[in-house]
Amino acid sequence: MFDQHTVGTGSSILSALQDLFSITWLNRSKVEKQLQVISVLQWVLSFLMLGPSVLSIISDFPSTSGQTNLLPSIVEYIPEPVRVACSVILMYTFCTDCWLVAVLYFTWLVFDWNTPKKGGRRSQWVRNWAVWRYFRDYFPIQLVKTHNLLTTRNYIFGYHPHGIMGLGAFCNFSTEATEVSKKFPGIRPYLATLAGNFRMPVLREYLMSGGICPVNQDTIDYLLSKNGSGNAIIIVVGGAAESLSSMPGKNAVTLRNRKGFVKLALRHGADLVPTYSFGENEVYKQVIFEEGSWGRWVQKKFQKYIGFAPCIFHGRGLFSSDTWGLVPYSKPITTVVGEPITTPKLEHPTQQDIDLYHAMYVEALVKLFDQHKTKFGLPETEVLEVN
């Protein structure tokens with residue numbers, strides 16, 4: 001019925017289709033991996049442009065026994081290139097045919113200026129962007145829940161360790177990639193950052209859409225006392241100082257004299273929630289300067305006067321894991337949220353009160369680490385170093 005030529009042609013077509021499908025699937029796998037790399041790189045570049053202020057550094061100005069201010073005055077660092085770029089773009093728009101758009105946005109900005117102080121304007125659409133799922137899958141990043149959180153309470157999460165960029169903090173609490181809203185229904189997470197970021201046009205809208213809020217007195221007071229219940233403010237307690245000791249194989253937190261977040265919790269009756277990210281220190285390699293060296297001296301001066309500590313670090317290259325670059329290594333990051341510590345509401349907590357609940361928090365964090373360390377590749381003998 002079919003001649004030899006017809007059969008040969010049919011076989012060739014079938015063979016070609018099989019080859020096409022096999023190549024398509026192969027390419028799809030490669031494309032998937034490249035999309036993951038690009039999604040991570042775009043965030044890393046954004047982080048570096050904005051400076052390490054993407055994460056809260058409220059805890060870089062701790063309330064120790066000799067300090068009474070909740071949030072001492074700080075230098076809100078925004079890199080000059082970013083300030084200039086935002087200003088130039090806005091001014092340029094005024095000089096184009098789109099000047100009306102710029103006028104309308106500027107008018108909107110005036111009336112909307114205080115919105116970030118009231119918790120911002122989060123967008124579930126932005127938090128559910130596909131790019132964040134690629135971001136999550138690159139490492140991968142996982143969020144582990146150990147206890148339920150009551151929607152009738154407010155919370156302060158202490159996030160540890162800082163790492164170089166706090167990748168787990170961003171992915172888990174400023175996006176829905178790890179389904180934080182499903183795991184903690186009724187809880188609204190707010191990752192804190194410097195208030196100066198919200199003075200920049202357009203960027204402020206982007207930050208607010210992810211549920212990121214300014215770390216200042218007005219905002220924290222509002223969220224913990226005037227925004228109802230179910231609010232959770234995430235504070236990277238170790239801050240810039242902790243990032244200086246971030247390196248693969250090391251599990252250490254800067255916490256011993258960081259008590260400002262405990263005072264915050266007591267003033268508002270917000271429960272303290274210890275949170276530890278296993279693997280946060282594994283994704284970048286860093287040059288560690290010894291105490292007393294010129295390199296550490298420079299880092300500490302930057303930290304004191306600018307608000308961040310410059311780190312000399314590297315990851316892998318964009319196209320190869322065998323070369324150096326800005327892309328973090330694809331190591332698993334698992335963020336474990338511990339059991340909340342119930343606190344009383346004390347309008348004027350004493351130093352004794354602060355010390356008591358701080359000690360309880362440190363004990364709970366160490367316990368959380370010990371309970372889960374072997375599950376994520378650490379030996380039973382590994383000890384969490386508390387500095």
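How many strands form the open sheet, and in what order? 3 strands, in the order β8-β9-β10, with antiparallel pairing. Strands here are DSSP E runs of at least two residues, and helices are H or I runs of at least four, numbered from the N terminus. Two strands pair if DSSP finds at least two bridges between them.

Some ground rules. This is a predicted model, in which local features need pLDDT of at least 70 and side-chain atom pairs count only at pLDDT 80 or more, while totals for chains, interfaces and linings use all residues. Residues are numbered from 1 along each chain as its sequence is written, and side-chain values use heavy atoms, with hydrogens and water left out.

Strand β9, residues 313-316, is joined to β10 by 2 bridges, and the two run antiparallel. Look at R316: W324 in β10 stands opposite.

Now β2. Strands of a sheet pair through backbone hydrogen bonds, either parallel or antiparallel. β2 pairs in the parallel sense with strand β5, residues 231-236, over 5 bridges. β2 also runs parallel to strand β7, residues 271-278, with 6 bridges between them. Take G158. Its bridge partner in β5 is I235, and in β7 the partner of G158 is P274.

Why is β2 described as largely enclosed by the rest of the structure? Because 6 of the 6 residues of β2 are buried. Buried means under 20% relative accessible area, exposed means over 50%, and partly exposed lies in between, with a 1.4 Å probe and protein chains only. Y155, F157 and Y159 point one way from β2. I156, G158 and H160 point the other way.

At H160 there is a backbone feature too. A cis peptide bond joins H160 to P161, with omega about -15°. P161 sits in the loop between β2 (155-160) and α6 (167-173). Another cis bond runs from F139 to P140, with omega near -5°. P140 lies in the loop between α5 and β1 (141-145).

Next, E179. Its phi is near 60°, a positive value in a residue other than glycine. E179 is in the loop between α6 and α7 (180-183). E179 counts as partly exposed, at 38% relative accessibility.

Helix α5 covers residues 130-138, and W132, F135 and Y138 in it are buried. They cover an arc of only 115° around the axis, so they are on the same side of α5. That arc is taken from the directions from the helix axis to the C-beta atoms.

On to the surface. M91, F94, W99, L100, V103, L104, F106, V110 and F111 form a nonpolar patch, with about 940 Å² of accessible area together. α2 (80-94) and α3 (99-111) are the elements that give two or more residues to the patch. The largest share, 7 residues, comes from α3. L104 is in α3, and at 54% relative accessibility L104 counts as exposed. Areas come from the Shrake-Rupley method with a 1.4 Å probe, and for residues only the protein chains shown count as cover. Like charges are joined within 9 Å, and nonpolar side chains (Val, Leu, Ile, Met, Phe, Trp, Tyr) within 5 Å.

Last, cysteines. A disulfide is a pair of cysteine sulfur atoms within 2.5 Å. By that rule the count is 0. C171 is buried, at 1% relative accessible area. C213 is buried, with a relative accessible area of 1%.

Note on methods:
Patch = residues over 30% accessible without salt bridge, like charges linked within 9 Å, V, L, I, M, F, W, Y side chains within 5 Å. Salt bridge = Lys/Arg side-chain N within 4 Å of Asp/Glu carboxyl O.
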